[in-house]
Amino acid sequence: MKRQAACSLNACEIDIAIVANQTYSQASKTPVFSCLGPSSNSGKEHRMASRLPPLPALQAFEAAARHENFAAAAVELNLSQSAVSHRVRSLEQHLGFLLFERLPRGLRLTEAAKAYLPSVRQAFDDILSATSGVFGRSGRTTLNIRAPISYATLWLAPLVDRFVKEFPHVEVSISSSIWVERLATGGTDVEIRIGRGHWTGYEAELLFKDALVPVCSVSAAESMGASAEPADLADRPLVHLMGIEDYWARYFEQFGIDRKRRPVDIGVDSAMTSAELAASSHRIAILHQTLATAYVRQGRLAVAARGRVLPGEAMYLLIPGKSDQRNPDAILFEKWLRAETRQSDPDM
């Protein structure tokens with residue numbers, strides 16, 4: 001009799017009937033729904049299953065997944081904990097899958113939820129960036145961007161200038177850093193770092209790999225000649241860029257050079273200092289190609305010898321792993337930056 005009654009329901013009542021007839025598989029704990037009607041109703045059921053999930057339920061799911069807790073999500077969304085739990089449950093019923101394992105002290109994402117969450121977040125990011133890009137924001141706020149000092153000066157600053165011309169409603173503030181290991185997390189909307197892709201509290205997205213190239217003053221390049229080889233640099237005084245990796249050691253190793261005789265070298269802590277020292281002396285510096293390109297185009301440095309080498313480090317865009325709702329202008333800038341870095345290819 002229950003089955004016959006369910007088949008007589010109209011389309012508006014099918015949701016309720018589905019919930020009433022829901023059962024769960026004990027093995028997978030994934031909802032299994034019983035058939036509510038004959039094959040003639042399959043078209044209606046397909047249309048119903050393909051509906052967009054309710055936006056408030058998706059917001060509750062994303063916040064609960066980020067905090068791994070209904071109570072913290074409720075505070076962020078200005079709702080009661082039971083309201084957040086109810087919205088998540090309604091989304092689970094809509095999708096036909098459990099999204100969380102309810103634990104005594106929090107939540108754990110199911111495998112289905114782990115697969116679904118990135119797309120949900122990307123959809124919210126797209127809505128935020130589109131809204132900010134087309135309509136601007138009510139009330140002007142500042143977009144805070146932080147990057148390594150040399151990249152901030154020689155690479156990021158020109159990009160930000162173009163971005164602001166394209167999106168004049170966004171006010172931007174750029175701060176710089178040298179030793180990223182000493183930086184406190186937070187305080188910025190967009191974080192760009194060079195390293196190996198592992199920073200606590202962030203998801204690191206690769207922006208680009210930047211090859212290393214030896215550079216020197218124009219006069220030093222002329223004295224060595226246009227046909228200088230990597231081996232010709234071994235006896236030259238060098239400028240070492242201090243950091244995680246010994247760039248010169250990597251360069252000489254790649255070309256099989258044993259630098260036995262070591263002139264008096266100088267170590268510095270920023271690429272800009274290295275470039276300035278090379279430009280004003282006969283020392284050879286090794287710089288990332290993006291940074292070297294700026295000096296070469298200005299006529300202040302020249303390529304010292306053939307050969308480039310990829311370091312173990314790369315440039316990353318850091319996305320907060322768990323945080324409150326992000327600045328929409330940050331999402332807009334990140335999307336714009338990804339497109340810019342795909343198009344750019346520094347060439348000297």
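Guide: A nonpolar core is a set of buried Ala, Val, Leu, Ile, Met, Phe, Trp, Tyr and Cys residues joined through side-chain atoms within 4.5 Å. The structure above is a predicted model.

Visitor: Which members of the largest nonpolar core touch the most other members?

Guide: They are Trp-155, Ile-192, Leu-233 and Phe-333, in a core of 61 residues. Helix α8 (residues 149–166) gives the most to this core, namely eight residues.

Visitor: What does Ile-192 touch, leaving aside residues up to four places away in sequence?

Guide: Its contacts include Trp-155, Leu-156, Leu-207, Met-315, Leu-317 and Leu-337. Arg-146 and Pro-148 are also touched by Ile-192.

Visitor: Which residues does the second, separate core include?

Guide: Leu-58, Val-84, Val-88 and Leu-109 are among its 21 residues.

Visitor: Why is Thr-290 called buried?

Guide: Buried means under 20% relative accessible area. Thr-290 has 13%, so it counts as buried. The residue is found in helix α12.

Visitor: What makes the pair Thr-290 and Asp-210 a polar contact?

Guide: The cut-off is 3.5 Å between N or O atoms, one able to donate a hydrogen and the other to accept it. The two side chains make their contact at 2.9 Å, so the distance is within that limit.

Visitor: Where does helix α12 lie?

Guide: Helix α12 (residues 289–297) lies across β9 (212–216), β12 and β13, and runs at about 120° to β12.

Visitor: In what order do the strands of that open sheet come?

Guide: The order is β11-β10-β12-β9-β13, five strands with mixed pairing.

Visitor: What makes β11 and β13 edge strands?

Guide: Each of them, β11 (266–268) and β13 (302–303), pairs on one side only.

Visitor: How do you know that β10 and β12 pair?

Guide: Pairing needs at least two bridges. Strand β10 (residues 238–241) and strand β12 (residues 284–288) have two bridges, so they count as paired, in the parallel sense. In one of these strands, β12, Ile-284 is the bridge partner of Leu-238.

Visitor: How many bridges join β3 to β4?

Guide: There are four, between residues 100–103 and residues 106–109, and the strands run antiparallel. The threshold for pairing is at least two bridges, so β3 and β4 also count as paired. The two strands form a hairpin with two residues between them, and Glu-101 stands opposite Arg-108 of β4.

Visitor: Why is Glu-68 called partly exposed?

Guide: That term covers values between the buried limit of 20% and the exposed limit of 50%. Glu-68 has 38% relative accessibility, so it counts as partly exposed. It sits in the loop between α4 (55–67) and α5 (70–77), with a positive phi of about 55° although it is not a glycine.

Visitor: Why is Asn-78 called exposed?

Guide: Exposed means over 50%. Asn-78 has a relative accessible area of 70%, so it is exposed. Asn-78 lies in the loop between α5 and α6 (81–95). Its phi is near 60°, again a positive value in a residue other than glycine.

Visitor: How much of the chain counts as buried?

Guide: Of its 348 residues, 41% do. The secondary structure comes to 13 helices and 14 strands. The accessible surface is about 18800 Å², with 53% belonging to carbon and sulfur atoms.

Definitions and conventions:
Residues numbered from 1 in each chain as written. Predicted model: local features only at pLDDT ≥ 70, side-chain atom pairs only at ≥ 80, totals over all residues. Heavy atoms only, no water. Contact = heavy atoms within 4.5 Å. Axes fitted to C-alpha atoms, helices over the stretch in contact; angles between N-to-C directions. Buried < 20%, exposed > 50% of the residue type's maximum accessible area, 1.4 Å probe, protein only. Areas by Shrake-Rupley, 256 points an atom, 1.4 Å probe, with all protein chains shown as cover.
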